[in-house]
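Dear colleague,

Please find below the structure that I am handing over to you. My notes on it follow directly after.

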Amino acid sequence: MASPNPNRKFLGRLPLPERNYVADALRTETLGGVLLLLAAVAALIWANTPLGDSYASVRDFHIGPASLGLDLSIQHWAADGLLAVFFFVAGIELKRELVAGELSDPKAAALPVIAALCGMVMPALVYLVVTTAGGGSTAGWAVPTATDIAFALAVLAVIGTSLPSALRAFLLTLAVVDDLFAIVIIAIFFTDDLNFAALGGAFGGLAVFWLLLHKGVRGWYVYVPLGLVIWGLMYNSGVHATIAGVAMGLMLRCSRREGEEQSPGEHIEHLVRPLSAGFAVPLFALFAAGVAITGDSLTDVFTRPETLGVVLGLVVGKALGIFGGTWLAARFTKAELNDDLAWPDVLALATLAGIGFTVSLLIGELAFAGDATLTDEVKAAVLMGSLIAAVFAGVLLKLRVRTYQALSAEEERDEDMSGIPDIYEQDDPAYHLRMAAIYEEKAAEHRRKAEAAGAVRNSGDSPA
């Protein structure tokens, strides 16, 4: 792994391997985000039409072996089962960021970590202030703390904004750190009474998982059944089952050895990410976002303390937290902002991070599990807050869209057709020789055209 560039500026150009990784990862997440958006719209339509009763019937239908403690509703399977795949990918992302990405250099990691932390603390504080002042329940303080990277990228795709790779990488790093803190919150604050026998079994399974990886054992037929056993034990232990996915993801090796094009973690992430982004998360959204929307319920979103706290936490808390944390961290670390970008770009990105969908819906279900009505109202608040944040972010990003398009085009330009963007080859003599040959060939062609044009003109000027 190349050593970090000490002269690299905040939101400056990424190293080529990191740029390629971010581009590949976000390409899948963008497609998944569009599917997520479609699933959420489908859930709202299904739940608010005469077919609404069938939606509730399917969502609440129970299936699974009761003898194993897994007789769960479809909604429950989606939240605890499918999201374990999502958190498995999140675990791999986190491990890779720690060993080979933006978080591998403590100096470079300080700024996005502080920004992400402030971007979770501020929404929680906003929620607590609103609910305390209004006499509401403080149980949902964690709901507005999460950012949904896939939904945010879907918004970018819908509004047609192509962000420079540095901004996209910063958004991805924010989301990875955000997921880490969300995992900690779920593990600490939403753990039921512990079944120590099941928890011990889960830890034993994880030890076997690690040992097999350490010994270099390969084969999905080994790890998938073992992973399912670990998940089932973790679910029955009282710890949220998605923690099993995170733990297994963190165990994968994400550093490349000599001769490897991809580490095992990167390879598995490449295989599993489409399953997570294209199936697991959209299906969770389908059975989590289907809340009844009426005039009264929309009014309640902006008048009930719990729901208003969620909306303001996402829209105001996220933007202030991430932007303020970034600005303070840059000021005290003397990090210089990339000359091609400005602080309004950071504010737009911070506002975009207010789109908190998947994990926010999950935490909403966990926080108000005993109150179905309030759970649905909080879900409606998550949808409304995310929508408002998306609109504000869209406006802010559109104000700078020409700058983003120019920077993105510059990053993609490959005039010598080498497969590597020209901006990354400025220190390569061979690149300049290739470009010289290209320009010489073009010059020779124009000379031939000039001679031909001159011959035509001279023949036209000659007397008959």
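In these notes, a residue is called buried when its relative accessible area is under 20%, exposed when it is over 50%, and partly exposed in between, with a 1.4 Å probe and protein chains only. The model is a predicted one, in which local features need pLDDT of at least 70 and side-chain atom pairs count only at pLDDT 80 or more, while totals for chains, interfaces and linings use all residues. Residues are numbered from 1 along each chain as its sequence is written, and side-chain values use heavy atoms, with hydrogens and water left out.

Overall architecture

The chain contains 17 helices and two strands; helices (H or I, at least four residues) and strands (E, at least two) are DSSP runs, numbered from the N terminus. Along the principal axes, the C-alpha atoms occupy a box of roughly 100 × 60 × 50 Å. The chain has 464 residues, and 48% of them count as buried. Among the contacts (heavy atoms within 4.5 Å) with a separation of 6 or more, 78% involve residues 24 or more positions apart. The accessible surface is about 22100 Å², and carbon and sulfur atoms contribute 64% of that area; the areas come from the Shrake-Rupley method with a 1.4 Å probe, and for residues only the protein chains shown count as cover.

The chain carries 31 positive and 47 negative charges, whose mean positions are 7 Å apart. Lys and Arg are taken as positive and Asp and Glu as negative, without His or the chain ends, and each charge is placed at NZ of Lys, CZ of Arg, CG of Asp or CD of Glu.

Salt bridges

A salt bridge is counted where a side-chain nitrogen of Lys or Arg lies within 4 Å of a carboxyl oxygen of Asp or Glu. By this rule there are 16 salt bridges. Arg96, Glu97, Arg256 and Glu266 form one network of them.

Arg273 is buried at 4% relative accessibility, and Glu269 is buried at 2%.

Buried positions

Ser276 belongs to helix 10, which spans residues 264–288. With a relative accessible area of 5%, Ser276 is buried. Leaving aside residues up to four places away in sequence, Ser276 touches Val85, Phe86, Val89, Val281 and Pro282.

Thr145 is located in the loop between helix 4 and helix 5 and is buried, at 1% relative accessible area. With residues up to four places away again left out, Thr145 touches Gly119, Met120, Pro123, Ala124, Asp178, Ile185 and Lys318.

Helix 5 itself (residues 149–159) has eight of its eleven residues buried, so the rest of the structure largely encloses it. The buried residues run through Ile149, Ala150, Phe151, Ala152, Leu153, Ala154, Val155 and Leu156.

Surface positions

Helix 4 (106–134) and helix 12 (305–333) each supply at least two residues to the patch, and helix 4 gives the most, with five. Leu320 lies in helix 12 and counts as exposed, at 52% relative accessibility.

Val229, in helix 8 (residues 220–237), counts as partly exposed at 48% relative accessibility. Its C-alpha atom is separated by 30 Å from that of Ala40, 189 residues away along the chain.

With kind regards
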